Amino acid sequence: MTATIATHQDRYPPGDLAIWIFILAELAVFAIFFAAYAFARMGDVALFDHYQATLDKDAALLNSLALITGSYCVVRALAAMREDHRAASVRWLIAALGMGTLFLVVKSLEYAHHLAAGVRLSTNTFYMFYLSLTFFHFMHVIMGMVILAAVAWKAHRGGYSAREHTGMETGGVYWHMVDLVWLILFPLVYVMR
Amino acid sequence: MAQVFTKSMARNIFYGGSVFFVLLFLALTLDTSLTLPERDQRHQLDPSTEVGQRIAEGKRLWEHNNCIGCHTLLGEGAYFAPELGNVYTRFGNNKEAIKAFIQSRPAYGIPGRRSMPRFNFSDAELDAIAEFLKYSSEINTAGWPPNKQG
Amino acid sequence: MKYRSQAVARPYFIAAIGLFLAQIVFGVILGIQYVVGDFLFPEIPFNVARMVHTNTLIVWILMGFMGAAYYLIPEETERELYSPLLAHVMFWVFLAAAALTVAGYLIVPYARLAELTGNDILPTMGREFLEQPTITKVGIVIVALAFLFNIGMTVLKGRKTAVSLVMLIGLLGLALLFLFSFYNPTNLVLDKYYWWWVVHLWVEGVWELILGSMLAFVLIKTTGVDREVVEKWLYVIIAMALITGLVGTGHHYFWIGAPEYWQWWGSIFSALEPLPFFMMTVFAFNMVNQRRRNHPNRAAVLWALGTSVLAFIGAGVWGFLHTLAPVNFYTHGSQITAAHGHMAFFGAYVLINITMISYAMPLLNGREANSMRSQVLEMWSFWLMSVSMVFITLFLTGAGILQVFLQRFTDTPLPFMVVQEKIALFYWLRLISGLVFLGGLVVYITSFFVAARDARQGIAPVAKDAELAPVNP
Amino acid sequence: MSSSNPSRSFVIRPCTQVYLALMGLTATTYLIGTAAAPEQGPGLGLSLLVLGFALLKSHLIGDYFMGLRGLHGPWRWVILLWLLIPGGLILTAFVLSA
């Protein structure tokens, strides 16, 4: 291993740098959204606390665990690919997709419950934030699953190897970003008061 | 070693990101469409009613005389003449006052000052314009403008 | 000029500059009317002059885009244009439609124009920037379709580069979104909601794609930097533009009757809208610093760099200043909006068109660059127009701040017209800046004649195109 | 994360350790959230603890899952910085509104 490659690997994160620029932009949006939630809450703590109590913490816990497990699956998929265990890698990716699906199902049931109760974006400021933040994140989960499915398909077709799997790393970091955002969103919107 | 920053990934992000945000924007637009009936006073616009017909005619006259070329309406337009989204309330919830103002514009303007053209509307047309401006003032604009001066 | 059919760009560029001059002349008239209210009244009332000012702006920018496309698409796709004849015919159709429309604005009262053009059949007139008679709008659609067909066929049959694809997507979006100008319900909120799909999604959406691809093209040509590098930055920048700009439309939905969550969505996303413009500035300067050649057309490089900086200041910084809902509550529809509009349009779309014209015109005239004398004039015009536009923006901002305070913020708000008189000093200063801008434009136009004379006398540009040694990474 | 040394496969992988830590912290967050009476909530102190957990978890994800651990230069700090800015703002808002 030459010195140039070593510094190169030290300095840049895994995956394509383009996805990192995209991730930073996305994280910036979420950061502003989170801060906006916290400061909007200052304006009417009682309202936020009251409606926060109507949220389903059990579902949120299940979803948190699903996303963390999904992230873990992708880590294992990469580890397997690094050892050229292609079939194992694909299995881990499919498991990650399963976790994503679980998240979508649970979240959809939550939405169905709220919609049936007549909750809309315009109902009040708390629900506006709750629906906006979680729906924006929900779309990210779908996006992450589309990316993972493409990666899994390519892995299945033999597109990656222990030597070259940048594409899988790229898809992986995006999926972790989706997890990362939820790990802030869950305590902020469901628990903290 | 793979390239760190590839054009194909940048392209994928452009296509994927664009589709993503188009869908998000459409989803928000859908919710907006469902919510607007509570805010936009559309019950007044029913073309089978006299008021609805007057408002439609008023908007037509508003457009045919390019009022937006000097005034703003709900803050949009030119910034040369006063805001008219709230002119109805500014004139004391009085349609007659609006009509009287439009009618009293001199044909050759006021020397040295910004002048509104003389439009020579009929009384029915003036009614329609005033009705349209009244309707505009009743749209739920989230409290804008900050005060009656517009 | 590598392909003969690129020559069809020439009339588009010339017409664009001609309309630009008309736009600025009417801009000066408006500037006078702001301080001498009855100037030209009732012959050319303010609303008519403003309509000419904004409509000629839109038409000449579209002319510039089309010329740019006809110039760069053959070069990018490495083949002749699908149909140069169609491009020529469409030029005359477009110019005639524009000329007739402007003549209509000036000769007959607007209401009469609406009647004559049958606006009641399909009412689309009388809305800001979309004042054109319906029949003109139909004409625009026809021109746009023919243009897209021509460009699209060329791209389909030729080499597909990122620059040409992005340009094509941008132009396609431009044409599709224009269709919303035919939707004009009585419901004012719906009218305004979809009106922005034309206006905002043009200037803060698809036009940025066109802008990006034109800038990328000129930078590839003038700096000699590897296409791969330029194109990946192009993708990242336009991705950011759409990511922030699409939901950023929400900053227009704060006070027009749309639901109030737009105040959050619009503020959050449009707060990030300066990002793509900032990236564009960094990108343009990086490319020029890493250049592998010194292109003899120095003026074009100056215009390109100027575009990236002034687009960032005008669209990015001045947009951000009043985009957050709590601020916009006070500044909405004030002179602050006017300040932002002037700087953003000039910085982004006027300058990118001049960049393209400045780069392509000498080549269309059979030389790589104009004489140094002509280029010096161009650079003078750049500084005259840019600095005067900065002052126009600053004076309007000053007027806007005072207006917002006196009319909306104090405990004793004053009526609109009273406030306008109190801030008249700023309008006088703006008028002076506007006259300097007109002077800058005249200098720019003069540079073409100087270039032509110098070329006849055989005066070459001073600098030879020197190949630089590859710059060390 | 992996090695060719076969004896390593009997040890719990670092990523698995991190995974278990993430699951544990999440469960704790949930317990804190549900332990209090629904209309009362966990209160400011515990809420801030939960926020701290969230930031710690995100940092673990950035380091071990996204592969930022062991990097030098700005990318090493970018996620952490992202955590600290909104984290700090959330903290400020919650402290001020308590």
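**Close-up views of a predicted model**

**View 1. Chain B meets chain A.** Here 14 residues of chain B are in contact with 16 residues of chain A. On the chain B side, nine of the touching residues are nonpolar, four are polar and one is charged. The model is a predicted one.

**View 2. Chain B is made of helices and strands.** Chain B holds five helices and two strands. Follow the sequence and the pattern reads α-α-β-β-α-α-α. Of the 150 residues in chain B, 47% count as buried. Now take the contacts in chain B with a separation of 6 or more: 60% of them come from residues 24 or more positions apart.

**View 3. The dimensions of chain B.** What are the spans of the C-alpha trace of chain B along its principal axes? They are about 80 × 45 × 30 Å. The radius of gyration of chain B is 22 Å, whereas a compact globule of 150 residues would have one near 15 Å.

**View 4. Helix 6 of chain C and its surroundings.** Helix 6 covers residues 162-178 of chain C, which makes 17 residues.

**View 5. A:Ala79 in chain A.** A:Ala79 is found in helix 4 of chain A, residues 57-82. Why does A:Ala79 count as partly exposed? It has 17 C-beta neighbours inside 10 Å, and a residue needs 20 or more to be buried, but 12 or fewer to be exposed. A:Thr166 is 87 residues away from A:Ala79 along the chain, and their C-alpha atoms are separated by 13 Å.

**View 6. Chain D is built from helices.** Chain D has three helices and zero strands. From the N terminus on, its elements run α-α-α. Of the 98 residues of chain D, 35% count as buried. Among its contacts between residues at least 6 apart in sequence, 59% join residues at least 24 apart.

Definitions and conventions. Residues are numbered from 1 along each chain as its sequence is written. Chains are lettered from A and ligands numbered from 1 in the order in which they are written. This is a predicted model: local features need pLDDT of at least 70, side-chain atom pairs count only at pLDDT 80 or more; totals for chains, interfaces and linings use all residues. Helices (H or I, at least four residues) and strands (E, at least two) are DSSP runs, numbered from the N terminus. Two residues are in contact if their C-beta atoms, placed from the backbone, lie within 7 Å. The radius of gyration is taken over C-alpha atoms; the globule rule is 2.2 Å times the number of residues to the power 0.38. The expected span of a helix is 1.5 Å times one less than its number of residues. Ala, Val, Leu, Ile, Met, Phe, Trp, Tyr, Cys and Pro count as nonpolar, Asp, Glu, Lys and Arg as charged, and the others, Gly among them, as polar.
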